[in-house]
Structures are given as structure tokens and as C-alpha cells.
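We will go from the whole chain to single residues.

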Amino acid sequence: MGVSTLKWQGWLVGLVTVAGLLVFAPLGLYVWASGGDPPQAPPRPAVEDVRVTGCRIDPASRRVVAAVEAAGRAEGPGAYVVTVEFRDRAEADPQARAAQALVKIPGVAPGETEYGEAVGPVWPVATVPWCGVAGAEFARAA
């Protein structure tokens, strides 16, 4: 009876080992295969790299002019296309559509700051304009 029990224990240990390999070997291969480089964080939105530094009315044309600056990204040189919005107050009116203009700021190197100007619509007399960034896109230089 002692030999028979040892025989079944041997078979039981063998079956548990094979079952363990069948369950954990694919899991181990999956972890090993996907454990290369850590996933890259998505690049931050381009809107965070640009800002409006000035908003004035050109005396000759009565058009609103917004001064825009763009900070370079660590990933390399590139160009920004910034959408600037012109309103008569800082709070957006959901019923009104604000005027917008695009400005391209090319050749922005990493760690550098470049500047551009967006020219908006003719502005009414005795109204103070508000200028802000409505959106921005970044394209790496080829």
C-alpha cells in the first residue's frame, strides 16, 4: 500500500506541475514580451505651450492685434499654428460667436521662445478687446 500511495502522489505532483505550467507559462510570456520599454506618455497639448502676451488696437487700421508667444518642446524643433479668439469680455457668451484669427509661429527650437502676431477684426470704438488662445497645433520640423 505504501508504494501505491507514493505512486499516486508522484502522479499528482506531476499533474499539478503541468497544470501550473499551462496556466502560468502564457502569463509569464505575456509579461516578458510586453515588459520592454515603458509606455511613452502622450505629448502635452500644444495649447499649454502658447499664450497671448498682449492685446491692443492698431491705431491706423482699428484692428485688434494679439501678441502671441510659443515655447519650444523638448521633442525637437517645429512650428505652431495658434487660433486666437477676440471678444469684448473675458467670459465667453454661449449665444455669440467670437472672432478668430490664425497665426503661424515657425522655427521654434527646444527651450526657445518665438513670437508672432494675430490680426483680428476691426474693433468698435470705446470697447476694450479681450484676446485669448482658442486652440493650438504643433508640427515637428521634417
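**The whole chain**

The protein has one helix and six strands; helices (H or I, at least four residues) and strands (E, at least two) are DSSP runs, numbered from the N terminus. You are looking at a predicted model, in which local features need pLDDT of at least 70 and side-chain atom pairs count only at pLDDT 80 or more, while totals for chains, interfaces and linings use all residues. Residues are numbered from 1 along each chain as its sequence is written, and side-chain values use heavy atoms, leaving out hydrogens and water.

Colour by secondary structure and read along the sequence: the pattern is α-β-β-β-β-β-β. Next, zoom out. Along its principal axes the C-alpha trace spans about 110 × 40 × 20 Å. The radius of gyration is 31 Å, whereas a compact globule of 142 residues would be near 14 Å; the radius is taken over C-alpha atoms, and the globule rule is 2.2 Å times the number of residues to the power 0.38. Of the 142 residues, 25% are buried, where buried means under 20% relative accessible area, exposed over 50%, and partly exposed in between (1.4 Å probe, protein chains only).

**Select 12-33**

UniProt, in an unreviewed entry, lists these residues as "transmembrane region"; its positions are given in the numbering used here, feature names are shortened, and annotations may be inferred rather than shown by experiment. In the model, the span 12-33 is 100% helix and 0% strand, and its end C-alpha atoms lie 31 Å apart.

**Select Asp-49**

Asp-49 sits in the loop between helix H1 (2-34) and strand E1 (50-57). Is Asp-49 buried or exposed? Its relative accessibility is 6%, so Asp-49 counts as buried. Beyond its neighbours within four places in sequence, Asp-49 is in contact (heavy atoms within 4.5 Å) with residues including Arg-44, Glu-69, Arg-73 and Tyr-80.

**Show the core**

Tyr-80 comes up again here: among the 19 residues of the largest nonpolar core, Tyr-80, Val-82, Val-84, Phe-86, Val-103, Ile-105 and Ala-118 touch the most other members. Strands E2 (63-71), E3 (78-87), E4 (99-108) and E6 (130-140) are the elements giving two or more residues to this core. Such a core is a set of buried Ala, Val, Leu, Ile, Met, Phe, Trp, Tyr and Cys residues joined through side-chain atoms within 4.5 Å.

Now pick Val-52, in strand E1. Val-52 is partly exposed, at 22% relative accessible area. Not counting residues up to four places away in sequence, Val-52 touches Val-68, Val-84 and Cys-131, among others.

Strands pair if DSSP finds at least two bridges between them, and 10 bridges join E3 to E6. Look also for Arg-87, which stands opposite Trp-130 in E6.

**Last stops: two loops**

Most residues other than glycine have a negative phi. Arg-62, in the loop between E1 and E2, has a positive phi of about 65°. Ala-126, in the loop between strand E5 (113-122) and E6, also has a positive phi of about 65°. Arg-62 is partly exposed at 28% relative accessible area, while Ala-126 is exposed at 80%.
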